[in-house]
Amino acid sequence: MSNDLVDPSELTSYPGAPFTQQAVDGAVWALRRRAGWHIAPSKNETVTVDGSDTRLVVLPTLQLTAVSEVRDVSGSAPVVLHNWSAARAGMLRRAAGWPRGFQVVAADITHGYDETPPDLFPVIAAICKLMADDSDVAQESLGAWSTTLRDSLTAEQKETADSYAIPRFA
């Protein structure tokens, strides 16, 4: 996944700046991995997800803006599914239920924020700064050896990052 979320020039006012393109790309990758989806910009794509024993399937997004078609791809030929409804938070509901199995529901969707949410800039900058540090070790002692690790993101930064993350139910 390419970094179309933020450019280094957008992070110049944050501690640790300026950041290289490589650092920003790495931070964006880490944030998107944590989130489980691309966040921004808005894009069209086909996603394939597991079927469900319930009336709901969860799509890999938290900002669903359109669904043009949903298909059962469990057989040799895709079958268009009807009578479903979509929620902005990335869920599809269908009273008749869904095909069961892994990777059997394909949906053509538009999702993501039009622009990068501004509250993510300080989080991305903090990740860049952490990645630029030579080590996660802040302090080491020799006698009765101990190691103190550097703090990672602040509680507020973690909360912000987590607010864009798809909940994991496992």
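1. Tyrosine 113 is partly exposed, with a relative accessible area of 27% (buried means under 20%, exposed over 50%, partly exposed in between, with a 1.4 Å probe and protein chains only). The model is predicted: local features need pLDDT of at least 70, side-chain atom pairs count only at pLDDT 80 or more, and totals for chains, interfaces and linings use all residues. Residues are numbered from 1 along each chain as its sequence is written, and side-chain values use heavy atoms, with hydrogens and water left out.

2. The rings of tyrosine 113 and tyrosine 164 form an edge-to-face pair, because their planes stand at 75 degrees, with the centres 5.9 Å apart. Rings of Phe, Tyr and Trp (its six-membered ring) pair if their centres lie within 6.5 Å; planes under 30 degrees apart count as stacked, over 60 as edge-to-face and the rest as tilted. Tyrosine 113 sits in the loop between strand 7 and helix 2, and tyrosine 164 in the segment after helix 3 (155–163), 51 residues apart. Helices (H or I, at least four residues) and strands (E, at least two) are DSSP runs numbered from the N terminus. Tyrosine 164 is buried at 9% relative accessibility.

3. The structure holds 2 aromatic pairs. In one of them, tryptophan 37 and tyrosine 113 are tilted, at 6.3 Å centre to centre and 40 degrees between the planes. Here tryptophan 37 lies in the loop between helix 1 and strand 1 (43–49), 76 residues from tyrosine 113. Tryptophan 37 is buried, with a relative accessible area of 4%. Trp37, Tyr113 and Tyr164 form one aromatic cluster.

4. Which residues touch the most other members of the largest nonpolar core? They are Leu11, Leu31, Ile39, Ile124 and Cys128, in a core of 25 residues. Such a core is a set of buried Ala, Val, Leu, Ile, Met, Phe, Trp, Tyr and Cys residues joined through side-chain atoms within 4.5 Å. Helix 1 (21–35) and helix 2 (121–132) are the elements that give two or more residues to this core, and helix 2 gives the most, with 7 residues.

5. Not counting residues up to four places away in sequence, cysteine 128 touches Leu11, Phe19, Ala23, Val24 and Ala27 (contact means heavy atoms within 4.5 Å). A second, separate core has 14 residues, including Leu59, Val67, Trp98 and Ala107.

6. There are 5 salt bridges in the whole structure, each a side-chain nitrogen of Lys or Arg within 4 Å of a carboxyl oxygen of Asp or Glu. One of them joins aspartate 162 and arginine 34, with the closest N and O atoms 2.9 Å apart. Aspartate 162 lies in helix 3 and arginine 34 in helix 1, so the bridge ties together parts that are 128 residues apart in sequence. Aspartate 162 is partly exposed at 40%, as is arginine 34 at 34%.

7. Aspartate 53 and arginine 100 form a salt bridge at 2.6 Å between the closest N and O atoms. Aspartate 53 is exposed, with a relative accessible area of 62%, and arginine 100 is exposed at 61%.

8. Arginine 71 and aspartate 108 meet in a salt bridge of 2.8 Å, N to O. Arginine 71 is in strand 3 (residues 64–72) and aspartate 108 in strand 7, 37 residues apart. Arginine 71 is buried, with a relative accessible area of 14%. Glu69, Arg71 and Asp108 are linked in a network of salt bridges.
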